[in-house]
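Student: Could you take me through the open sheet in this model, and through the salt bridges as well? I would like one connected account.

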Amino acid sequence: MVELETRELEYFIAVAEELHFGRAAVRLSIAQPALSKAVRRIETRLGVQLLVRSSRHVSLTPAGEALLRHGRHAVNAVSAAVQSARRAGDAEAHLRLVIKPGGDAHLLSGMLAEYARRPDARRVDILFSGGTDRVDHLRDGRADVALLYVPFDDLEGLAHETLYVEGRVAILPAGHRLASRTELRMADLDGETMPRWKGVPDDGTGPEVVDVTQMAHLISVGRMIAVLPRSLIEPVPPGLVCVPVTDGGDSRIAIAWPELDRRPLVASFVDAAVAASPSAATGTAV
């Protein structure tokens with residue numbers, strides 16, 4: 001069996017993500033010739049070519065793409081294992097919850113209050129993260145639990161419980177031709193410019209955005225529109241209008257955690273979050 005060390009995977013991942021040996025070497029704080037030799041050794045050991053190199057360009061082969069995809073998971077798993085081992089041995093460990101700023105649909109205060117009433121409650125450290133890396137926080141051990149939006153976030157390797165289900169709305173500038181409508185269908189939005197979310201592959205044709213605040217500003221000046229879960233845009237900023245999209249599909253807010261993490265610390269918080277969710281209060285299934 002061919003074995004690679006974690007450090008070797010980190011070298012390859014840096015080159016594969018940067019597609020430039022010089023930038024990858026700076027990122028890793030090692031000399032470029034040493035990095036080139038390390039990647040060559042990996043290719044020799046695996047018996048496959050991972051990178052296509054030229055004097056001006058570096059690209060991934062299919063084998064390189066496969067190693068990048070699975071290598072990221074492997075490195076994250078090692079990091080998470082180390083973090084979990086340290087925290088499992090710490091009787092005073094805090095629970096770390098990662099959320100998107102404004103992305104809790106007003107659920108956070110209720111779940112924290114429910115958890116605080118439990119005799120085994122610990123301090124909860126809240127981490128704020130951007131639109132695409134909350135899942136990474138779980139996979140590499142920086143966070144224990146996260147509030148995620150389904151189906152937008154990738155739940156591979158994660159366990160989860162749905163807390164809230166909501167519809168989606170079209171976010172339009174107040175002067176838009178459709179702003180006076182009481183409801184819309186996706187077909188009504190054909191031809192409209194939609195945002196491209198940084199780090200998320202989608203079909204948007206508009207400017208790249210990194211958060212809802214930036215997106216709202218660009219919508220207000222007429223650069224694009226967007227379709228999002230309603231809770232992400234409430235309260236609605238001045239100059240914008242939200243119109244329900246009847247066939248836009250439901251969005252679910254879920255509490256998620258690594259599926260192999262069975263610590264009582266995590267289980268207790270998940271139970272509290274579910275107990276405090278709107279579905280628990282109304283007795284409806286989600």
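Tutor: The protein has 9 helices and 12 strands, where helices (H or I, at least four residues) and strands (E, at least two) are DSSP runs numbered from the N terminus. This is a predicted model, in which local features need pLDDT of at least 70 and side-chain atom pairs count only at pLDDT 80 or more, while totals for chains, interfaces and linings use all residues. Residues are numbered from 1 along each chain as its sequence is written, and side-chain values use heavy atoms, with hydrogens and water left out.

Now to the sheet. Its 5 strands follow the order β4-β3-β5-β12-β6, and the sheet is open with mixed pairing; two strands pair if DSSP finds at least two bridges between them. At the edges are β4 (124-128) and β6 (158-166), each of which pairs on one side only. From one strand to the next, the twist averages 25°. Inside this order, β3 (residues 95-99) and β5 (residues 145-150) run parallel and are joined by 2 bridges. L97 has V145 in β5 as its bridge partner.

Two helices lie across these strands. Helix α5 (residues 108-116) lies across β3, β4, β5 and β6, at about 160° to β4. Helix α8 (residues 264-275) lies across β3, β4, β5, β6 and β12 (251-258), at about 165° to β12. Axes here are lines fitted to C-alpha atoms, for helices over the stretch in contact (heavy atoms within 4.5 Å), and angles run from 0 to 180 degrees between N-to-C directions.

The structure holds 21 of them, each a side-chain nitrogen of Lys or Arg within 4 Å of a carboxyl oxygen of Asp or Glu. One of them joins the side chains of D144 and R96 (3.4 Å, N to O). D144 sits in the loop between α6 (134-139) and β5 and R96 in strand β3, so the pair ties together parts 48 residues apart in sequence. Both D144 and R96 are buried, meaning under 20% relative accessible area, with exposed over 50% and partly exposed in between (1.4 Å probe, protein chains only).

Another salt bridge joins R185 and D247 (3.5 Å, N to O). R185 is in the loop between β7 (168-173) and β8 (196-197), and D247 in the loop between β11 (240-244) and β12, 62 residues apart. R185 is partly exposed at 48% relative accessibility, and D247 is partly exposed at 33%.
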